[in-house]
Amino acid sequence: MVFIGNQGDKEVNYDKAILNRISRSAGHLKAVRRMVEDERDCSEVLIQLAAVKAELTNASKEILKRYIQDTIDDAVENKEPEKIKEIDKAVDWFF
């Protein structure tokens, strides 16, 4: 796990796979920018933008899954069922 930051009073950790996905997406997006600068065919650019979007969506889903699991674990462990409302907020924000 790699320390990223904190969420309230809780440390947030992501593994290298998530960080690699995000880095790959950033590199892919830079390549798309070069395609636009080079005036490549619009359909090629759109295909690559869709791929970047899918990569970021998948990374976001993985982070959301981990957030949901951590929140449920905390709610059960600390007997705080109101923490489940945090999940509702996160899901609403993501979708």
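Biologist: How many nonpolar, polar and charged residues does the lining of the second largest pocket have, by class?

Modeller: In this predicted model, the lining has six nonpolar residues, one polar residue and no charged residue. The residues concerned are S60, I63, L64, Y67, A90, W93 and F94. Ile, Leu, Tyr, Ala, Trp and Phe count as nonpolar, and Ser falls among the others, so S60 is the polar one.

Biologist: Which elements give two or more residues to that lining?

Modeller: These elements are α2 and α3. The largest share, four residues, comes from α2. The space in the second largest pocket is about 190 Å³.

Biologist: Why is E39 called exposed?

Modeller: The relative accessible area of E39 is 72%. A residue is called exposed when this value is over 50%, and therefore E39 qualifies.

Biologist: Where is E39 found, and what is its phi?

Modeller: E39 is found in the loop between α1 (16–37) and α2 (42–77). Its phi is near 55°, a positive value in a residue other than glycine.

Biologist: What makes K79 buried or exposed?

Modeller: K79 has a relative accessible area of 73%. Buried would require a value under 20%, whereas exposed requires one over 50%, so K79 is exposed.

Biologist: What is the phi of K79, and in which loop is its place?

Modeller: K79 has a positive phi of about 50°, although K79 is not a glycine. Its place is in the loop between α2 and α3 (84–94).

Conventions
Residues numbered from 1 in each chain as written. Predicted model: local features only at pLDDT ≥ 70, side-chain atom pairs only at ≥ 80, totals over all residues. Heavy atoms only, no water. Buried < 20%, exposed > 50% of the residue type's maximum accessible area, 1.4 Å probe, protein only. 1 Å grid on protein atoms, 1.4 Å probe; cavity = no way out; pocket = protein on both sides within 12 Å on 5 of 7 lines; lining within 4 Å. Points joined across faces, edges and corners; volume = space filled by probe spheres on them.
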